Amino acid sequence: MAPKYAPSLRARLPPVAFLLQTTFIVIFTFCVEIEDSRNEKEEVFIYTYAKFQDIHVMVFLGFGFLATFLVRYGFSSSAFNVLVAAMAVQWATILNGILMSQHFGDSKIHINLKSLVDAELCAASALVAMGAINGKTNPVQLLIFTLIEVTGFVLNQWLIQTLFKRPIQMHWLYSTTLINIFGGLFGLMTTRVLFRSKMEPKHEKEKVGRTSGLFAMFGTLFLWMFWPSLNSALESNIGRSEKRISVLCNTYLSLAVSAVTAMAFSVLSSSKGKMNLVHIQSSMLAGGIAVGGTVTLAPAPWVAMTIGFCASLLSTLGFRYLKDHMLFAFDCHDTNGVLFVHAVPGILGWFAQLILSLASISHSTIAVRFAVHHICILLITVSMSLVMGVITGLILKWKFWKPQLDRNCYDDQAFWEFPHLLTHK
Amino acid sequence: MAPKYAPSLRARLPPVAFLLQTTFIVIFTFCVEIEDSRNEKEEVFIYTYAKFQDIHVMVFLGFGFLATFLVRYGFSSSAFNVLVAAMAVQWATILNGILMSQHFGDSKIHINLKSLVDAELCAASALVAMGAINGKTNPVQLLIFTLIEVTGFVLNQWLIQTLFKRPIQMHWLYSTTLINIFGGLFGLMTTRVLFRSKMEPKHEKEKVGRTSGLFAMFGTLFLWMFWPSLNSALESNIGRSEKRISVLCNTYLSLAVSAVTAMAFSVLSSSKGKMNLVHIQSSMLAGGIAVGGTVTLAPAPWVAMTIGFCASLLSTLGFRYLKDHMLFAFDCHDTNGVLFVHAVPGILGWFAQLILSLASISHSTIAVRFAVHHICILLITVSMSLVMGVITGLILKWKFWKPQLDRNCYDDQAFWEFPHLLTHK
Amino acid sequence: MAPKYAPSLRARLPPVAFLLQTTFIVIFTFCVEIEDSRNEKEEVFIYTYAKFQDIHVMVFLGFGFLATFLVRYGFSSSAFNVLVAAMAVQWATILNGILMSQHFGDSKIHINLKSLVDAELCAASALVAMGAINGKTNPVQLLIFTLIEVTGFVLNQWLIQTLFKRPIQMHWLYSTTLINIFGGLFGLMTTRVLFRSKMEPKHEKEKVGRTSGLFAMFGTLFLWMFWPSLNSALESNIGRSEKRISVLCNTYLSLAVSAVTAMAFSVLSSSKGKMNLVHIQSSMLAGGIAVGGTVTLAPAPWVAMTIGFCASLLSTLGFRYLKDHMLFAFDCHDTNGVLFVHAVPGILGWFAQLILSLASISHSTIAVRFAVHHICILLITVSMSLVMGVITGLILKWKFWKPQLDRNCYDDQAFWEFPHLLTHK
């Protein structure tokens with residue numbers, strides 16, 4: 001019954017999705033309650049609501065359309081993004097809730113708008129990771145991948161909080177920078193394990209088209225425009241609300257510099273003096289990622305701009321010169337270039353945060369202690385993401401999930417009903 | 001002078017639009033004033049403004065682009081949506097204002113941001129209805145259609161309020177669920193009357209394309225992402241503002257479950273195990289529609305999720321198995337599938353509301369009385385929409401409106417100037 | 001090394017962009033500080049933040065995608081818009097800051113969210129002007145063009161403030177209407193000077209396509225939907241915050257009327273009774289531009305609607321009948337039609353503001369004085385924009401900037417790397 005060009009998902013996707021969805025509903029039945037918000041201040045609610053909407057747009061629209069640059073994979077990129085994010089958000093709500101309720105000794109998980117924002121941040125880390133395997137995995141694999149990624153990300157946060165006794169103040173997420181580092185490296189290892197040795201190095205369908213590039217531009221712009229809201233998502237939770245102007249302005253300026261730098265260096269690094277749309281779209285986001293860790297330190301604007309400049313430079317050059325090298329040398333095929341778009345700027349931001357923090361600490365003992373903690377957190381996150389990425393890759397390699405054939409990669413035809421093609425336009 | 005392939009609208013659309021627009025301006029001149037908002041609390045204004053912007057995006061962008069899946073009808077779908085919504089909003093402002101000013105004994109209509117939100121909700125019901133006749137009617141017919149639909153919808157609300165003496169508290173709209181039930185059934189009857197018997201069952205141009213599907217995805221996502229704001233539009237008006245977190249979280253969770261379910265069952269119901277983009281886009285909204293009636297009752301999250309699951313299931317299966325049946329058995333051609341996307345989930349939500357309300361009422365007399373009222377409101381709405389839909393269909397059948405020819409259906413060429421086609425891409 | 005079909009920008013764009021960006025970072029290092037916002041009221045912050053996000057979307061997404069109607073120029077339209085806006089925002093922040101700090105006698109520039117909003121409004125005026133030369137200039141020329149335009153615009157505001165001692169209250173921008181008048185006329189003169197006499201009157205690639213039209217519709221709708229936020233951007237700064245409902249409602253109604261009028265008159269003025277998508281997209285914005293000057297006077301809604309009607313009428317007819325005339329009679333090629341979309345509605349709005357103001361002033365001496373001032377401000381702005389537009393045109397004519405060849409106009413191929421074209425779709 002299945003068409004010869006692609007294995008049918010009829011016996012895989014519906015049962016898995018149905019099972020997971022029913023399990024989530026059952027867990028919600030017994031464990032989740034909506035928090036009574038009568039005591040919350042009106043302004044706090046409205047501000048959270050505004051930020052929530054921005055992050056909501058980023059997670060469900062931005063990441064999905066960012067990946068639509070693949071000329072024949074637009075339906076899948078945008079729709080699977082929704083599928084994965086919708087699952088990830090439910091799962092992250094449960095996991096975050098369990099950790100929170102243990103911490104406060106509640107028997108129930110209490111959710112509110114802030115829980116949804118936190119859950120969407122966890123989903124964002126899964127979507128970052130998904131960028132690396134985009135086009136080479138089917139939706140069942142993506143669901144499994146997402147569940148493990150979200151679990152790993154939450155576990156990593158819990159580990160950091162437990163080991164280092166950070167002032168958590170009702171919040172389990174430590175930094176938006178970690179989202180990108182964890183997600184980027186996790187996805188990278190998974191795609192390494194899933195490497196299809198028989199596939200040609202440059203797949204025929206793995207390219208941008210005139211229309212698909214514009215769709216990707218839409219997604220990119222929504223991510224780019226709302227990144228200040230993402231970076232300020234954690235700020236109100238760490239008790240320094242007077243610094244939110246600094247968070248918004250610094251992220252904004254860093255992103256502006258990042259966009260200019262990406263275009264300039266994309267032209268400079270091309271022998272014909274031409275821009276590459278995919279490089280630009282990816283690298284203009286690097287500034288927002290890198291500055292994520294430092295915004296809460298309220299640096300001067302020029303510091304944020306310099307970080308944006310360096311992140312975008314690293315990202316553009318990495319994309320241009322090292323992406324193919326990664327493929328040939330390490331058999332590591334990274335569809336959206338998450339290594340150079342998310343992981344490298346994230347790590348850059350992490351060290352920028354370290355330097356800026358050290359500069360503000362006068363006492364040398366505290367400074368050394370901070371530096372050790374800070375680097376340990378990075379090492380734990382990196383190890384965790386690499387190990388879990390490999391494990392996930394091994395699980396996804398299982399033939400049971402019916403991965404698509406090599407020639408069906410990056411092609412909507414494998415998963416979507418299409419009407420007969422138009423004979424005349 | 002008119003081209004042979006489509007009747008010219010030059011003698012129809014400008015006079016009708018000009019006449020209506022001038023009439024509206026004249027009515028505004030004598031009857032409408034902007035309300036002095038000096039006494040309004042700052043937070044209420046900001047919150048209303050945020051919700052207003054979300055609903056504004058849904059009405060003018062979301063509904064229009066949802067319908068752009070038709071491969072050759074993108075210009076018309078998106079632009080006529082703006083035309084119709086812009087007219088509907090003005091007309092609804094006047095009608096709502098008249099009812100309100102009568103109620104309060106004012107001689108003038110006072111408008112503020114909340115009036116615009118209410119007017120946009122009325123416009124939304126017209127846009128839902130328009131989905132059924134999309135592609136088969138010209139803009140003049142759409143204008144007439146919209147005026148009658150909005151009038152009918154406001155009349156229906158007025159009837160319900162008058163007959164059942166609901167606590168109205170400065171608000172004439174009763175429930176967001178009714179928007180979908182009224183709009184869906186109204187459109188369905190109109191399209192039944194307008195049925196073109198000579199047209200082939202499956203029109204050559206009535207299909208989704210690679211690019212048009214992605215545009216529709218954009219529209220769908222904006223509707224999907226901002227649906228929590230739509231459901232919370234009425235919440236602040238019914239004096240239970242402490243429940244708004246419940247409204248937002250429940251709608252959000254219901255929509256998330258709805259999206260997952262739509263994809264799972266679209267695959268399951270396909271013999272080749274493939275997804276259908278149009279089904280998914282429509283059905284992922286069903287959860288938001290169905291949960292619309294129950295959110296103000298602040299149910300537990302799992303209840304909202306279950307409603308989302310059932311609504312999406314009904315919608316996907318209806319779309320897959322019954323849509324063609326509706327066409328062959330009842331001569332009822334429903335372009336966007338409004339019956340299964342809006343009416344059926346709406347009715348499901350209505351009964352969910354009934355059951356949840358009954359469960360919370362301990363006194364049996366009150367419970368019976370509530371149930372009778374609740375079902376009567378549904379019956380009135382259904383009858384009203386069906387009758388007015390038929391009447392509208394009969395009016396639109398009039399040749400005077402110069403409907404497009406069968407072969408020009410679903411085609412922008414009938415209404416839009418096109419440059420010469422590109423010879424090479 | 002450079003391909004024969006287009007001059008390489010490798011030796012031009014990166015140095016110019018790098019130099020400008022580094023200079024900006026250096027200026028920021030020594031002169032710019034983020035303002036301490038601890039004393040700001042919570043509601044003011046949230047409201048500014050909401051408006052900021054809307055204007056952010058308009059500037060970085062709206063204007064860019066509005067120009068994507070050019071069938072082969074989508075990448076450039078959207079990406080160069082980001083490049084130009086990102087530069088303009090930084091430059092405008094510096095210039096506005098210098099004027100403000102001089103005024104208050106500070107040694108440093110203090111920025112906050114409001115500074116970013118002001119900077120984005122200056123960037124908007126550059127983007128308006130850019131519409132006239134879109135497709136005929138390379139990104140290096142656009143950068144130079146933007147710097148001069150923003151400088152001119154800020155200088156013009158400063159001149160007006162200094163000469164007429166307006167109550168400035170911490171704000172250097174005088175009216176959103178001036179943005180459109182200045183930008184429109186500036187761009188017009190630049191394109192006149194840059195006129196390519198050898199290019200065919202109607203370039204082969206200067207036309208709308210099925211997909212590019214829909215992308216432009218997206219951009220248009222985001223501008224159209226968020227225009228009320230743009231018009232209210234200055235309102236809170238002029239100390240009449242009780243009038244903001246009036247600003248929002250009036251702009252909203254004016255835009256609704258504008259959209260209906262644009263479609264009606266596009267059909268009426270076509271011999272075949274068909275709509276022209278580009279005309280409609282441009283003219284539906286005219287209402288928001290024209291009403292921009294009068295909203296702060298809080299006129300009755302019908303006045304705003306009438307202004308919207310007249311602006312859209314003028315714009316549609318100008319676009320249809322006079323745009324080609326401008327080209328043949330004055331050698332003035334205006335790609336996006338900024339004269340009829342921005343400048344003419346702006347001037348109409350300016351006179352509407354004059355009439356409405358005069359009607360509310362009872363004392364004749366004050367009225368005459370106001371009228372003289374008001375007309376002088378217009379004349380100064382017009383002269384300033386025309387003169388600076390010519391100068392900019394002369395600077396951009398310099399061959400050093402490597403302008404693209406005539407046959408590469410309106411074509412992404414000149415600036416972007418493309419994969420090999422698809423052989424089958």
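Contact here means heavy atoms within 4.5 Å, and on that basis T261(B), leaving out residues up to four places away in sequence, touches F309(B), S312(B) and L313(B). The structure is a predicted model, with an ipTM of 0.91 and a pTM of 0.93.

**Confidence in chain A**

- Chain A has a mean pLDDT of 86, and 92% of its residues reach 70 or more.
- Among the elements of chain A, the highest mean pLDDT, 93, belongs to helix α1 (residues 13–31), while the lowest, 87, belongs to strand β1 (residues 32–34).
- Over residues 167–171 of chain A the pLDDT stays under 50, although the model has eleven contacts beyond four places in sequence for this stretch.
- Residues 421–425 of chain A likewise stay under 50 in pLDDT, and for them the model has nine contacts beyond four places in sequence.
- Where pLDDT is low, the predicted coordinates should not be read in detail.

**The contact between chain A and chain C**

- The contact draws 63 residues from chain A and 69 residues from chain C, and the area buried between the two chains is about 6,100 Å², with carbon and sulfur atoms giving 74% of that area.
- R210(A), Y252(A) and K274(A) together supply 13% of the area that chain A buries against chain C, which is more than any other three residues supply.
- Two salt bridges are counted between chain A and chain C; R210(A) forms a salt bridge with D412(C), in which the closest N and O atoms are 3.7 Å apart.
- Between chain A and chain C there are also 15 residue pairs in polar contact, with both residues at pLDDT 80 or more.
- On the side of chain A that touches chain C, the elements giving two or more residues are α2 (42–66), α7 (210–231), α8 (244–268), α9 (277–283) and α11 (301–330) of chain A, and the largest share, 17 residues, comes from α8(A).
- By class, this side of chain A has 38 nonpolar, twelve polar and 13 charged residues.

**The loop between α11 and α12 of chain A**

- D331(A) lies in the loop between α11 and α12 (338–360) of chain A, and has a positive phi of about 55° although it is not a glycine.
- With a relative accessible area of 30%, D331(A) is partly exposed, because that class lies between the cut-offs of 20% and 50%.
- D334(A) is found in the loop between α11 and α12 of chain A and counts as buried, because its relative accessibility is 6%.
- A polar atom of the side chain of D334(A) lies 3.0 Å from the backbone nitrogen of L339(A).
- Leaving aside neighbours within four places in sequence, D334(A) is in contact with A132(A), K136(A), L188(A), K323(A) and L339(A).

- Y410(B) is found in the segment after α13 (364–397) of chain B, where it has a positive phi of about 55° although it is not a glycine.
- Y410(B) has 0% relative accessibility and therefore counts as buried.

Definitions and conventions: Residues are numbered from 1 along each chain as its sequence is written. Chains are lettered from A and ligands numbered from 1 in the order in which they are written. Side-chain values use heavy atoms; hydrogens and water are left out. pLDDT is the predictor's confidence in each residue, from 0 to 100. Helices (H or I, at least four residues) and strands (E, at least two) are DSSP runs, numbered from the N terminus. Buried area is the accessible area (1.4 Å probe) that two parts lose on being put together, summed over both. A salt bridge is a side-chain nitrogen of Lys or Arg within 4 Å of a carboxyl oxygen of Asp or Glu. A polar contact is a pair of N or O atoms within 3.5 Å; within protein, one must be able to donate a hydrogen and the other to accept it, and residues adjacent in sequence count only if both atoms are side-chain atoms. Ala, Val, Leu, Ile, Met, Phe, Trp, Tyr, Cys and Pro count as nonpolar, Asp, Glu, Lys and Arg as charged, and the others, Gly among them, as polar. Buried means under 20% relative accessible area, exposed over 50%, partly exposed in between (1.4 Å probe, protein chains only).
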